[in-house]
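Welcome! Try each one before reading its solution.

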Amino acid sequence: MAPAVPLAVLAVLAVLALVAPGLGVAPGCDYPAHRWCSSRDAAVACQVESRCPSLPRPAAAPVQLSLYYESLCPACREFLVMKLFSTWLLLPDEMLNITLVPYGNAQERNVSGKLDFQCQHGPEECLGNMIEACLMHEAKNFSTYFPVIFCLESGSSVTKNLEAVCPPSLPLCLQIYAPELDSGRITSCVQGDTGVALMHHNAQLTEALDPPHQYVPWITVNGKHTNELQEQAEASLLGLVCHLYQGEKPEACGGSKAPKIPSGCRR
């Protein structure tokens, strides 16, 4: 069904069509005046979009945000828990698309034909990174795994929050946020080749950053990283996303300011 067009708009368009057919209307417009606002294609062809207030807005692309982080880095945890998760909760899914890459300042080595990882905050951080990578791999759906990662990162110990990672009991964070996930599959991933392959992939993604990352959390927005974007994301992520999004803004975008988080974990 074509959108309803206000009578006043129709009247103006009809007059234009009769008295000045060439005024403000594209030469290639083959639609009668009463059809100009019947669809976006017609309005575009006749160059009358501004006179058709009832036309639905085209869908806007979501803001793309990638977070390169370490599971035990204090600044990473604070940004993910206090800024990223809360912003994600406040905004509709179509407005923000988040990619999480747990690796950060880790180092990948080939030891006797096998990949080995050394992490800035020790072996426990490597385990935390791999647990979260395997969780993402098994859950696949962002809305399923992000609350679990939030739970892991917001506790006193990332790995202990998932320490019961062997059946029959589900880990606490899985039990609360994603009881449908099989903790045994996550364990198998962490202890097997899949976990190593996932960490190798995260290492490649991190090393391919341009400019190269100098610290974590390292944030890219729509594929770009600048000091200004990093500072804006840390100071008010909600405000930054609301500013960049080109579609209709939700009520949550009415105003947002937040204190800057502590300095990141440098390499």
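**Exercise 1.** Where is the place of H225?

*Solution.* Before starting, note that this is a predicted model, where local features need pLDDT of at least 70 and side-chain atom pairs count only at pLDDT 80 or more, while totals for chains, interfaces and linings use all residues. Residues are numbered from 1 along each chain as its sequence is written, and side-chain values use heavy atoms, with hydrogens and water left out.

Step 1: H225 sits in the loop between β6 (218–221) and α9 (227–244). Helices (H or I, at least four residues) and strands (E, at least two) are DSSP runs, numbered from the N terminus.

Step 2: H225 has a relative accessible area of 10%, so this residue is buried. The scale is: buried under 20% relative accessible area, exposed over 50%, partly exposed in between (1.4 Å probe, protein chains only).

**Exercise 2.** With which side chain does the side chain of H225 make a polar contact?

*Solution.* Step 1: A polar contact is a pair of N or O atoms within 3.5 Å; within protein, one must be able to donate a hydrogen and the other to accept it, and residues adjacent in sequence count only if both atoms are side-chain atoms.

Step 1: The partner is the side chain of Q230, at 3.5 Å. A polar atom of the H225 side chain also lies 2.7 Å from the backbone oxygen of I219.

**Exercise 3.** How many disulfides does the structure hold?

*Solution.* Step 1: Look for pairs of cysteine sulfur atoms within 2.5 Å, which is the cut-off for a disulfide.

Step 1: The structure holds 6. One of them joins C37 to C52, with an S to S distance of 2.0 Å. This pair links distant parts of the chain, 15 residues apart: C37 is in the loop between α1 (7–19) and α2 (40–45), and C52 in the loop between α2 and β1 (63–69).

Step 2: C151 lies in helix α5 (residues 142–154) and C173 in helix α6 (residues 172–177), so the bond ties together parts 22 residues apart in sequence. Its torsion about the S-S bond is about -75°, so this disulfide is left-handed.
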